[in-house]
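Subject: Structure for your review

Dear colleague,

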Amino acid sequence: MAHVQFAVASRAETGSAAARRIRRQGLVPGIVYQSDAPNIAITANAREVRRLLHGEGARTSVIDLKVDGGAPRPVLVKDWRVDPVRDEVIHIDLQQGDLSVEVEAAVPVSLTGTPVGVREGGVLDQQLREVTVRALPDHLPDVIEIDVSELDAGTTVTVADLTAPEGVVILDDPEAGVASVIAPTGELPEEEEGEPSEPELVGGRESEEE
């Protein structure tokens, strides 16, 4: 998998007030977490952050990160926060890693094909949109696809039906449902006019209202 190039600047100021000033400058504050050294507080161009997070495989791509123009270091996107009103990224966390050590990451699940049950009037329902996998950073897939073309109404595909690339282990419960086709709802038969409904029987006797 090709690495993504990304440049940031270190910052000395921390705290909420400093973060607000940084955002007013069109920048996004963040942290680079390191296991063998102190964490690094950073700022990144807001436009470049959006491009990074919305690019193909953004959540699993290895990023060659340059801090203050230094030598690139491999990192992965750990987390980010979005302003719920403005829908803008307000903070990003990156995790420095060792390319020879396996990591866990969330990978999107993509459904391909039109199920048989949908062609017959059913509705496709995707219950699981991502799975957690374990792999070397360079082997993390951008997405895991599953073909649901043969899925009939009332049937379900599970995690066990997913096929992971070589070197990738899916950690989710194999029996967890990924997607199913809900059968079309039929019309309930109408009672014939003038005929009372049958009384409910409890223990072989007609129930009485209290």
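What volume does the largest pocket have? The volume is about 300 Å³. The model is predicted, so local features need pLDDT of at least 70 and side-chain atom pairs count only at pLDDT 80 or more, while totals for chains, interfaces and linings use all residues. Residues are numbered from 1 along each chain as its sequence is written, and side-chain values use heavy atoms, with hydrogens and water left out.

Pockets

A pocket is an open set of points on a 1 Å grid over the protein atoms alone, where a 1.4 Å probe fits, with protein on both sides within 12 Å along at least five of seven lines; lining residues have an atom within 4 Å of a point. Volume is the space filled by probe spheres set on the points, which are joined across faces, edges and corners.

The largest pocket is lined by 16 residues, and L76, V77, K78, E104 and A105 are the closest to its centre. Two or more lining residues come from each of β5 (73-82), β6 (89-96) and β7 (103-112); strands are DSSP runs of E of at least two residues, helices runs of H or I of at least four, numbered from the N terminus. β5 provides the largest share, five residues.

The second largest pocket has a volume of about 250 Å³. Among its 14 lining residues, R23, R86, E88, V89 and I90 are the closest to its centre. At least two lining residues each come from α1 (16-24), β2 (27-33), α2 (46-54) and β6.

Residue S149

S149 lies in the loop between β10 (144-147) and β11 (156-158). This residue is buried (under 20% relative accessible area, 1.4 Å probe, protein chains only), at 18%. Contacts of S149 (heavy atoms within 4.5 Å) beyond four places in sequence are T112, G113, T114, P115, V116 and R119.

Nonpolar cores

A nonpolar core is a set of buried Ala, Val, Leu, Ile, Met, Phe, Trp, Tyr and Cys residues joined through side-chain atoms within 4.5 Å. The largest has 23 residues, of which V131, V133, L162 and V178 touch the most other members. β7, β9 (130-135), β10 and β13 (177-182) each give two or more residues to this core, and β7 gives the most, four. A second, separate core has 19 residues, including V8, I63, V77 and L94.

Yours sincerely

Technical notes:
Buried < 20%, exposed > 50% of the residue type's maximum accessible area, 1.4 Å probe, protein only.
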